Amino acid sequence: MKKYGYKTKYGECICTDSLIGLQDLDDNSIDLVMTSPPFALQREKEYGNKSQSDYIDWFCQFAELVYNKLKETGSFVIDLGGAYQKGEPAYSLYQFKLLIKLCEEVGFELAQPFYWHNPSALPAPIEWVNKRKIRAKNSVNTVWWLCKNPKLCKADITKVLTPYSDRMLKLLEKPTEFIKQENTIRPSGHVLGMSSWTRDNGGAIPPNMLQIPNSESNSKYLKYCKEMNVKGHPARFPIALPEFFIKFLTEQNDLVVDIFGGSNTTGQAAEQLKRKWLSFELSKDYVAASSFRFIENSKDLDCVYSNILNENFIDLTDLIEVEQLLLLG
Ligand SMILES: C[S@@+](CC[C@H](N)C(=O)[O-])C[C@H]1O[C@@H](n2cnc3c(N)ncnc32)[C@H](O)[C@@H]1O
């Protein structure tokens, strides 16, 4: 089958079913699969969702392939939103059932569960939250960080340190005002040693609850979608989410893959961080529009977009090189 989509300096976005795309990759070749699949929602998105009853078996087809293609040191990170059971103010267990099957049958280990809190999430579902006011709004997704081998799995938390709190900055400045004697025992049982707690490590260890608003409104992607009169992808995650896991779990030149590429947020994060990347997406329209993330000059939008819709494979680095040559005169 003819390959179409586009390539950049570090990666390729290919319009295909990822069950096919993954098969073309060598076993033990991927460092990180970072993805957000269609969720098992009751209200269908425009790109289609599997029903809750079929979801687990449907997803496991992809997971089995991912398992074979992932290196021993690799990770599989899956962002999943919560959902209610049909017509009931009762939560579906699909994320948790899926996690159990991925670990107990497919062979993954849960390296650590993460939670993504989106403070800008809108109140939903309307029936239970807005109308009857009997449930809180959903604003936390589960992000399952899976690996093949928890001891070998590559990870470095020092790559994703967060700024110190004001209190910690004061402690670093004047430690003796906070810790009166060496080896103070806190009520929790933790021993506060002067030397270990007052060392400046360049930032704080982040928690496994990531607080990232999903409120992008002024990105190049959205600007160019508007210019081209194309609807932006309806279920993008914020770029800070893949950025966190790419920095945490991979090194430069490692291979990052998104098997449900959507608007290719993961590809953009990987490109910026100089990781090799691959993105598979079923919808031709989404692939074509996702090229806007990598186009420098808006005069190229129309030509690239229509060429991808006509099932061509476009090398975006050629565009950039031609533009640079023109600029140099
Ligand atoms: C939740 S969206 C991903 C959004 C993406 N994280 C972003 O930031 O734009 C899921 C995407 O998976 C795509 N998809 C569904 N089944 C697929 C398959 N078998 N192969 C490739 N893509 C698929 C859908 O078309 C949809 O765009």
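Predicted model: local features only at pLDDT ≥ 70, side-chain atom pairs only at ≥ 80, totals over all residues.
Residues are numbered from 1 along each chain as its sequence is written.

**The boundary between the domains**

Select the place where the domains meet. Four residues of domain 1 are in contact with five residues of domain 2, contact meaning that the C-beta atoms of two residues, placed from the backbone, lie within 7 Å. On the side of domain 1 that touches domain 2, three residues are nonpolar, one is polar and none is charged. In this classification Ala, Val, Leu, Ile, Met, Phe, Trp, Tyr, Cys and Pro count as nonpolar, Asp, Glu, Lys and Arg as charged, and the others, Gly among them, as polar.

**The ligand**

Next, select the ligand and its surroundings. The shell holds 20 residues, and the closest are Arg236, Phe260, Gly262, Ser263 and Thr265. Helix 1 (18-23) and strand 11 (276-281) are the elements that give two or more residues to this shell; helices (H or I, at least four residues) and strands (E, at least two) are DSSP runs, numbered from the N terminus. By type, the shell divides into 10 nonpolar, seven polar and three charged residues.

**Asn264 and helix 10**

Move to Asn264, in the loop between strand 10 (255-258) and helix 10 (265-272). Although Asn264 is not a glycine, its phi is positive, at about 65°. Is Asn264 buried or exposed? Asn264 is buried, because 30 other C-beta atoms lie within 10 Å. The cut-offs, with C-beta atoms placed from the backbone, are 20 or more other C-beta atoms within 10 Å of a residue's own for buried, 12 or fewer for exposed, and anything in between for partly exposed.

Now select helix 10 itself, which is mostly covered, with six of its eight residues buried. The buried residues are Thr265, Thr266, Gly267, Gln268, Ala269 and Ala270. They pack against strand 2 (11-15), strand 3 (30-35), helix 9 (240-249), strand 10 and strand 11. After helix 10 comes Lys274, whose phi is positive, near 60°.

**The nonpolar core**

Select Leu32, Val33 and Val66 next. These residues have the most contacts inside the largest nonpolar core, which has 68 residues. A nonpolar core is a set of buried Ala, Val, Leu, Ile, Met, Phe, Trp, Tyr and Cys residues joined through C-beta atoms within 7 Å. Apart from residues up to four places away in sequence, Val33 touches Val66, Leu70, Phe76, Val257 and Ile259.

**Strand 5 and its partners**

Strand 5 runs antiparallel to strand 6, to which eight bridges join it, and parallel to strand 9 (residues 209-211), to which three bridges join it. Strands pair if DSSP finds at least two bridges between them. Which residues stand opposite Trp116? In strand 6 the residue is Asn141, and in strand 9 it is Leu210.

Then select Cys147, which lies in strand 6. Cys147 counts as buried because it has 24 C-beta neighbours inside 10 Å. Leaving aside neighbours within four places in sequence, the contacts of Cys147 are Gly74, Ser75, Phe108, Glu109, Ala111 and Cys153. A distance drawn from Cys147 to Pro163, 16 residues apart along the chain, spans 28 Å between the C-alpha atoms.

**Around helix 4**

For the last stop, start at the peptide bond from Ala124 to Pro125, which is cis, with omega near 0°. Trp128 is found in helix 4 (residues 126-131) and is partly exposed, since 19 other C-beta atoms lie within 10 Å. Not counting residues up to four places away in sequence, Trp128 touches Tyr84, Pro89, Ile134 and Arg135. The C-alpha atoms of Trp128 and Thr184, 56 residues apart along the chain, are separated by 48 Å.

Finish at Lys133, in the loop between helix 4 and strand 6 (140-147). Lys133 is not a glycine, yet its phi is positive, at about 55°. Lys133 counts as exposed because it has 9 C-beta neighbours inside 10 Å.

Key
Near = placed C-beta within 6 Å.
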